[in-house]
Amino acid sequence: TVLKRLKKRIRPRLKAMDQADGLKRHPPRPAHRPRNYRTRSFLLADLLRWLLHLPSTDELIRDLEDYSHLAGAVNFKPGLIPDKSTFSRRRQLVPLAELMAIVHELVRLLIKFKVIAGQAWVIDLTRIPTHSSIKKDYPDQPNNKSDPEAEFCGYRANDDALQLGYSLLFVIDFKSELPFACLFANGSANDSPLAEPILQQARAQHPDLANRCTYVMADGSYDT
């Protein structure tokens, strides 16, 4: 029901994606991959993953393979679910601003259905490593990194080098455990300086939730 209502709300955006898909020429597919799915299907599948709290693309693919009604909800044909590498490639076709606008519409819908309550907010930060290593040189890039916008991140790469990456700060609804606001920062960002900006953003984007909010919770690092 939620996805059906969402598709109605974002119909112009989905049609724009379909038009962009139509401008691309797809090469012939091998027999074991006979379908060229639209970008909208991958977008809707990722939104479904978010709604179902699935921790990985592998879990999403497994559920789409096991439950035909979920595959049908995102316009995938049961038995012909794309692989993980295809998901990764097709995600890159959706501009970040467009994705954020669609997620924002979904959050509004979940607030309307009272799935997201908003009485208690939780702030949490996660770090997202990239495949750009500080031990490798990329002379074709201005800053010698494969990802020019990534910053130092405290993760170990396979070659034992500290990785570059990003920080992603969420405001999460305590009841549903769904995030309704997020903020991107560099990989070395500290938690506490980002708390006020993300709260201001959440209040501006969702004033109704701000009026309901009674508690804001975070771990001890936000006291520093």
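Buried denotes a relative accessible area under 20%, exposed over 50%, and partly exposed the range in between, with a 1.4 Å probe and protein chains only. The model is predicted: local features need pLDDT of at least 70 and side-chain atom pairs count only at pLDDT 80 or more, while totals for chains, interfaces and linings use all residues. Residues are numbered from 1 along each chain as its sequence is written, and side-chain values use heavy atoms, with hydrogens and water left out. Helices (H or I, at least four residues) and strands (E, at least two) are DSSP runs, numbered from the N terminus.

**Helix H2**

- Helix H2 spans residues 11-22, which is 12 residues. From first C-alpha to last, H2 reaches 16 Å, close to the 16 Å expected at 1.5 Å a residue; the expected span is 1.5 Å times one less than the number of residues.
- Leu 14, Met 17, Asp 18 and Asp 21 are the buried residues of H2. They cover an arc of only 100° around the axis, which puts them on the same side of H2. The arc is that of the directions from the helix axis to the C-beta atoms.
- The cover over the buried residues of H2 includes helix H1 (2-9), helix H3 (39-51), helix H6 (84-91) and helix H7 (96-112), where contact means heavy atoms within 4.5 Å.

**Helix H4**

- Helix H4 comprises residues 57-66, and its buried residues are Thr 57, Leu 60, Ile 61, Asp 63 and Leu 64. Viewed down the axis of H4, these residues fall within an arc of 165°, so they line one face of the helix.
- Glu 65 and Asp 66 are exposed on the face of H4 turned away from its buried side.
- H3, helix H5 (68-73) and H6 are among the elements that cover the buried residues of H4.

**Salt bridges between helices**

- Side chains of opposite charge can pair when their charged atoms come close. A salt bridge is counted here when a side-chain nitrogen of Lys or Arg lies within 4 Å of a carboxyl oxygen of Asp or Glu.
- The whole structure contains 10 salt bridges.
- Arg 13 is partly exposed at 31% relative accessibility, and Glu 98 is partly exposed at 22%.
- Lys 84 and Asp 58 form another salt bridge, at 3.6 Å from N to O. This pair links distant parts of the chain, with Lys 84 in helix H6 and Asp 58 in helix H4, 26 residues apart. Lys 84 is partly exposed at 43% relative accessibility, and Asp 58 is partly exposed at 36%.

**Salt bridges involving Glu 105**

- Glu 105 pairs with Arg 108 in a salt bridge whose closest N and O atoms are 3.0 Å apart. Both residues lie in helix H7, three residues apart, about one turn of the helix.
- Glu 105 is buried, with a relative accessible area of 18%, whereas Arg 108 is partly exposed at 40%. Through salt bridges that share partners, Arg 9, Glu 105 and Arg 108 are joined into one network.

**Nonpolar surface patch**

- Leu 96, Met 100 and Phe 184 make a nonpolar surface patch of about 260 Å². Patches consist of residues with over 30% relative accessible area and no salt bridge; like charges are joined within 9 Å, and nonpolar side chains (Val, Leu, Ile, Met, Phe, Trp, Tyr) within 5 Å. Accessible areas come from the Shrake-Rupley method with a 1.4 Å probe, and for residues only the protein chains shown count as cover.
- Met 100 lies in helix H7 and is partly exposed, with a relative accessible area of 30%.

**Positive phi values in loops**

- His 53 is not a glycine, yet it has a positive phi of about 60°. His 53 is located in the loop between H3 and H4 and is partly exposed, with a relative accessible area of 43%.
- Asn 75, also a residue other than glycine, has a positive phi near 70°. Asn 75 is located in the loop between H5 and H6 and is partly exposed, with a relative accessible area of 29%.
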